[in-house]
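Visitor: I'd like a close look at a single part of this one. Could you walk me through it slowly?

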Amino acid sequence: MKIVFKNIQRIQNALPEVKHIVMFYNNGIIFQTTFEQEINIPKLGENLAAILNHARKLYDVSHYNFDNYKKIIFETYDMSIIILKLGEDSNIALFFKKEEEKELKLTAIKRYITRIEELIDMDERELILQDILAKEEEFKQLKELLAEKEKVTEELNAELKNMEKGEIEGDKKEIIYKLNSTDVECVNLRKDLEKLTNEIQQLKEIIEKNHKKE
Amino acid sequence: MGAIITYFVLIFLEGFDFSIIVELLFGSPAEGFVNLHSLILIVGTMMIVQIAHEAGSFQFIAGKLIKLSGGKPVKLLIIFCVVTVFISAILNNILTVIIIVPLTITVSRILNINPAPYILTQAVLVNIGGTIFSISSIPNILITTFVGIEFLEFFINVGLISFVIFFFTLLLFILIYKKELIIPEEGQKALKEFDVWNVVQNKKLLFQSLISLIGLLIMLTLIPSSFITPDIIALTTAIILILITRLEPKEIISKIDFELIFYLMGIFIIAGGLEITGATEALGNFILGIGGSNIFIQLLLVLWFSAYLSSCIDNIPITKVLIPVADSMTETASIIDRKQIFYSLSFGANWGDNLTPLGDNILVINIAEQNKRPISFKSFFKLGFITTNYQLIIISIYYCLIFYIQIGIIILGSLGLIIILIYCLHKFGSKTIKSHMNALSGKLKKLIIG
């Protein structure tokens, strides 16, 4: 089953004036394109990425923010190009022939573009969310382990008490040794849990900060 | 700057003739113009790899192999590592990193995963690739040209051992990262849609450049240097490739790293100046004083000394300075022992780079940062330091096996027993033991990658 290519087909069906599509990353690597191998495809990707780079420099020099660019349009009499931002690092370039004064209906293809972006790009926020999920899972496991150790501590304490009362016989030294080592393990687990809590909090703050910036 | 200072010191303070500078740059007639041969070999191989890089050959091979993994996490790690070592065996470390790291990040975006484990392991393995062939890195070219080590001889004595070390390093990485690597199924499907042919400029150029590269390796293997020197083979192959591809020679020549060539020439002068003034001989005598005439101790000293030195300073000047040191140390040694010392120098000088994130490794951190996938200095340092020492220890055990076979067998046997014991305890041990072992392995993992 072709996933992404299906969406390219859908874009071409929705917009028949689009002759070629290029899905590329900011480093110039092309994910997929409808151009044939006769043209220099790596060069095409490099040049498209260079356009974005130059536009960024242009904005920087004029002290404007380029970060949330939406689209760049080059219009000529013969063939026009729209470059749309997909995700954090991905873009889609549509090569189309403009007929009469009709504008290219981008709303018709918005859902396909969103779907492509989800499939071929992952922004930093998602990466951080993945990290948070992994740490929360680790937190849960450590907490369960701590609960087990605390239960063992309780049992050992009860055993020791019974030994001191003379109700049961056993090696007191061994029980005390086990109690001490379990105590140390519990202390270390609590430290690890605290460290994880802080790390998760820090990651959540980063997401919050980035969200506010946008 | 160092070369200019050396020039003034030699001409005006030491009273040498200007011809000494020419000799230092290109080597003396008695030495067979060894430095000039090195420079021509570097230029020749640079031209061939530049054409192959422009054609997208390495990116294509990397992409094809990555797709073969089907996005399975451990398979992907293995393939990334293999591709890195393979590419770095042909290209220099910088170009390897420039090709492989952005590709890794792009693939990670498609797969919706964190690229950090892959990038870190690649950055460490790039230097192993540098010891596969005699042309894989500049230190190797300098060593083999000086000592007169044939291409095949180097591959058997250094390259094959590097493959063994690569295998053990890969095992370590799989052990460390196995549980961290998870790839969503949708990402695996999306990877199938990535068209690898999009990195190829044109198919004809791709095949021509790959055939030339393979041809170069075959010729270097089969043709003895006494018949045709490696630099002439490389330069001739480059010229033939330019002619058949009908590329503009001007365009290819403009992409040669002349900055590196001039840097090398400067190193030749500085290192040569140190040799003439007796500094390298003094260093050689100092090392001899520690190890005496015991070849095993000398090997270990050269290995660890060159590794730690090249972690602080670029490995090219370190190699150039240590070549005459190794030469003076092995004046009375047999030919086999002499060559072993230089192989040891190749291991140390190439791999020591990973002991710190300085040098070429900074480029990895920069590229990751530029692609919005930052890697911390600390995590790089931890993995690089631990892995490199692990590799140096394995090589040291290998030398022990060669020179003191009983001790080597005892060490290997003990390590084997420990591994079997750990495995048995893990598989069949009580719950308490398993829990302690898991906690310990978790702590070790956190120490390396946490």
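Visitor: How much area is buried between chain B and chain A, and what share of it do carbon and sulfur atoms give?

Guide: A quick note before the numbers: this is a predicted model, in which local features need pLDDT of at least 70 and side-chain atom pairs count only at pLDDT 80 or more, while totals for chains, interfaces and linings use all residues. Residues are numbered from 1 along each chain as its sequence is written, chains are lettered from A and ligands numbered from 1 in the order in which they are written, and side-chain values use heavy atoms, with hydrogens and water left out.

Now the interface. The size of an interface is often given as the accessible area lost when the parts come together. Here chain B and chain A bury about 2,600 Å² between them, and carbon and sulfur atoms give 47% of that; buried area is the accessible area (1.4 Å probe) that two parts lose on being put together, summed over both. On chain B's side, B:Arg109, B:Glu193 and B:Asn198 supply 27% of what that chain buries against chain A, more than any other three residues. In terms of contact (heavy atoms within 4.5 Å), 27 residues come from chain B and 35 residues from chain A.

B:Arg109 turns up again in a salt bridge with A:Asp89, at 3.6 Å from N to O. The rule here is a side-chain nitrogen of Lys or Arg within 4 Å of a carboxyl oxygen of Asp or Glu, and it finds three salt bridges across this interface.

Which elements of chain B do the touching? Helix H6 (93-111), helix H10 (185-192) and helix H22 (431-449) of chain B each give two or more residues to the side that touches chain A, and H6(B) gives the most, with five residues. Helices here are DSSP runs (H or I, at least four residues), numbered from the N terminus. By type, the chain B side divides into nine nonpolar, eight polar and ten charged residues.

How values were computed
Nonpolar A, V, L, I, M, F, W, Y, C, P; charged D, E, K, R; others polar.
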